Each structure stands twice: as C-alpha cells, then as structure tokens.
Amino acid sequence: MSNRRIATIPGDGIGVDVTTAAVEVIDAAVPGIEWTEFDWSCENYLRTGAMMPADGPRQLAGFDAIFLGAVGFPGVPDHISLWGLLIPLRRAFGQYVNLRPVRLLPGTASALRDRTADDLDILIVRENSEGEYSEIGGTHNPGRPDEFVLQESVFTRVGCERIMRYAFERATERGGRLCSATKSNGLIHSMPYWDDIFDRIATEYPGVATRRMHVDALAAEIVLHPDRLDVIVGSNLFGDILSDLAAAVTGGLGLAPSGNINPDRSVPSMFEAVHGSAPDIAGQGIANPVAQILAGAMMLEHLGEHAAAAAADRAVCEILAEGRIRTPDLGGTSTTEELGTAIAERAAELARVATP
C-alpha cells in the first residue's frame, strides 16, 4: 500500500479522459495513493484570466509528484497555455530534465517499413529549463516598416553540464551510446558552446561511445537508421522536435510518455503524455490513454514504486499485444474507458503476482 500524495491537473480536452484512465491503472497497480485534483486549464483561464493561481507552485510543493493532462483549448493561444502553466511549473521546481522514452510497443506498427522493437528504442534527454525557450526578447518598432522581434536563447554552463551528465549516466545504464544534437554550423555562439561542454564531459565517461550530429541530419537518422541511436541529448527546442518526430515514427503521439524531472527529488517532478489536448476529438471518449498511462508508470518508477511501475508498463504491453481492445488511432473501435479498464485489470493481476 502506498501513502504517496499526488497532484493531478487533468487540463483540457482529452487530457481529462486520459488522466482518468491513467489514474485507474495506477490505483490498480498500487492502491493507497492520495490524489488531489486541480482544475487549472485553459477553461480556467477563460473564467479567471489565469491558467493557475499566482501561488500555484506553492500549492503543489508538498506533493510527491504532479500528474499533468494535456492543456490547450480553442480561443486560448498556445503561448498563453504553455507559459501560464507548464513552463512556470517546470522552472519553479527545477525540473531541468525532460525525459522522453520512445519505443515500438507490442502489437503496434511503426511508420517505418520493416522496423522492429529492437530497432526502435530511443531515450531522448531534453534540456527543460533554458536554451531556446527564453523570455528574453521582444517586439521593436511595432507597426512600422522596420518592425522586428528579438528572441534570445540562454545556454548556461551549469545548465548544459547537468543535462549532459544526466544523459551520460542514462547512457551508461543502457547501451553505452550517446548522441548530442547540435547545429554548430549555423548557430555560431550557442551550439559551439554546447559542443565544447559535451566533448569535455565525454572525457569523464570513457565507457560511453559518443556522436555529435547536426539536428537536421539527426532527424534524418531517426527515420533512416533508428537502430544506430540509443540515448540522445538535446537543447530545449531540439529535444522537443526530435522527440515528437521519434514518437510519430514509433506509432504516434498517443503512445509517447514524458517526465519533467528534478533529479535531486527535493521537490515534485511532473509527468505527462507528449500529445496535446486534441480539441477535434475532445469529449468523444475515443482518445488513446496509453501515453498517459506510461507517464504514470514513469512516475511510479521515479517514486520508487518499482513493482507497480513494472506492472503498469507490462499491462500496457500485454493488452496491446493481444489486440482485442484498441482505440481508433490504433485501428480499433474501443473507447478510452474500455482500453483503460482493460489495462487496469491486467495491472492489478500482475501486481498481485509480484507481491510477496
């Protein structure tokens, strides 16, 4: 029995449906979690003028983790939803690692011909707190013919070093291969700086084979030769783009989880699906909950609930492999609730077997 306290922010659109399904699976795998729901969302923004209260981070600080659904709603610009909720929480809690595992799950097909699960198992480590996602800049001479905007990137030594060391540690645990996403032939200051730090830290990990690839070539590599890749480390923007590409290659964003992690565990980390709120299918009960469920498994693993995490992950794999219950994006006719309940029941069975 767990005594964990977890905050849920279901968000908007399909975020509500998939979070409900994922909570059912997590409760099946490890009973006893205390859930507290917060209705922070774009709808909340339309009502109150804010995605969350000004003291939102303070309200969440005492929880063991944050479980976030998708946010986004017609009529609310994406930069409002992102900078009003997700990015402030990432930065308030020092969640400088965005961890995005990408793998081909049993019973699903890759968009790439003849690729297997052995070919598609990539861990993307994205810097999550600085880089290209900076508030520094602005619009100048608005409305004039010489109007222009400035958008500054921020690369600090501490920010680069800590995300790279995290990536090297994960590569050491896995296959011992790490590729750094760069663009030093075009970004004359930031990327050569990134490359220099990467090369220096590589000397501390002689057991890890390293590569540096320009991000455009790396995008092609994910499509043409994914089997050559294991762990990828990238800046905020590059990691974001590459992880969505890799998820699409392995079957779609409905299967891709992520974690916003503070490795020292002094404050809550936050876990979410990679996909958005999908307004086009919101309220229809047909969204695929797998990504959110796998994000829940990542959360359990982070919290030290290893058996429960394994049960939830294995339940997803077994139900998908059987192929009887699938949402429309996977070629089936099942609802979000039906797939979530099937995975929850299987997770409960697996958890019982694993309990001594």
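**Salt bridges**

I counted the salt bridges and got 30. The model is a predicted one, and I kept that in mind throughout.

I began with R103. Which residue does R103 pair with in a salt bridge? The partner is D313, and the closest N and O atoms are 2.4 Å apart. I then looked up where the two residues lie. R103 belongs to strand β4 (residues 97-103) and D313 to helix α10 (residues 306-322), so this pair ties together parts that are 210 residues apart in sequence. R103 has a relative accessible area of 28% and is partly exposed. D313 is also partly exposed, at 23%.

Next I took R200. R200 forms a salt bridge with E161, and here the closest N and O atoms are 2.6 Å apart. The pair links distant parts of the chain. I found R200 in helix α6 (residues 190-202) and E161 in helix α5 (residues 157-173), 39 residues apart. Is E161 buried or exposed? E161 counts as buried, at 17% relative accessibility. R200 counts as partly exposed, at 33%.

I also noted R115 and D119. Their side chains meet in a salt bridge, at 3.7 Å from N to O. R115 is partly exposed, with a relative accessible area of 23%. D119 is at 17% relative accessibility and counts as buried; the cut-off for that class is under 20%.

Salt bridges link R314, E318, E322, R324, R346 and E349.

**Helices α10 and α11**

I turned to the helix that holds D313, which is α10. I looked at how α10 packs with helix α11 (residues 336-354). Their axes are 8 Å apart, and the angle is about 125°. That makes α10 oblique to α11. The crossing of α10 past α11 is right-handed.

I listed the residues that meet. From α10 they are A311, A312, R314, A315, V316, E318, I319 and E322. From α11 they are L339, A342, I343, R346, A347, L350 and A351. I sorted this contact by class and found eleven nonpolar, no polar and four charged residues. R314, E318, E322 and R346 of this contact are also members of the salt-bridge network.

**Helices α1 and α9**

I then went to helix α1 (residues 14-29) and helix α9 (residues 290-302). Their axes come within 8 Å and cross at roughly 45°. α1 and α9 are therefore oblique to each other. I recorded a right-handed crossing where α1 passes α9.

Which residues of α1 meet α9? I found V18, T19, A22, V25 and I26 there, facing Q292, I293, G296, M299 and L300 in α9. By class I noted seven nonpolar, three polar and no charged residues.

**Helices α7 and α8**

I finished with helix α7 (residues 215-224) and helix α8 (residues 236-249). At roughly what angle do their axes cross? The crossing is at roughly 15°, and the axes come within 10 Å. Angles under 35 degrees count as roughly parallel. α7 and α8 are therefore roughly parallel to each other. Their crossing is right-handed.

I wrote down the contact residues. α7 brings V215, L218, A219, I222 and V223, and α8 brings F238, L242, L245, A246 and V249. The contact of α7 with α8 has ten nonpolar, no polar and no charged residues.

Methods
Residues are numbered from 1 along each chain as its sequence is written. This is a predicted model: local features need pLDDT of at least 70, side-chain atom pairs count only at pLDDT 80 or more; totals for chains, interfaces and linings use all residues. Side-chain values use heavy atoms; hydrogens and water are left out. Axes are lines fitted to C-alpha atoms, for helices over the stretch in contact, and angles run from 0 to 180 degrees between N-to-C directions. Helices (H or I, at least four residues) and strands (E, at least two) are DSSP runs, numbered from the N terminus. Angles under 35 degrees count as roughly parallel, over 145 as roughly antiparallel, 65 to 115 as roughly perpendicular and the rest as oblique. A crossing is left-handed if the near helix is turned anticlockwise from the far one by less than a right angle, and right-handed if clockwise. Contact means heavy atoms within 4.5 Å. Ala, Val, Leu, Ile, Met, Phe, Trp, Tyr, Cys and Pro count as nonpolar, Asp, Glu, Lys and Arg as charged, and the others, Gly among them, as polar. A salt bridge is a side-chain nitrogen of Lys or Arg within 4 Å of a carboxyl oxygen of Asp or Glu. Buried means under 20% relative accessible area, exposed over 50%, partly exposed in between (1.4 Å probe, protein chains only).
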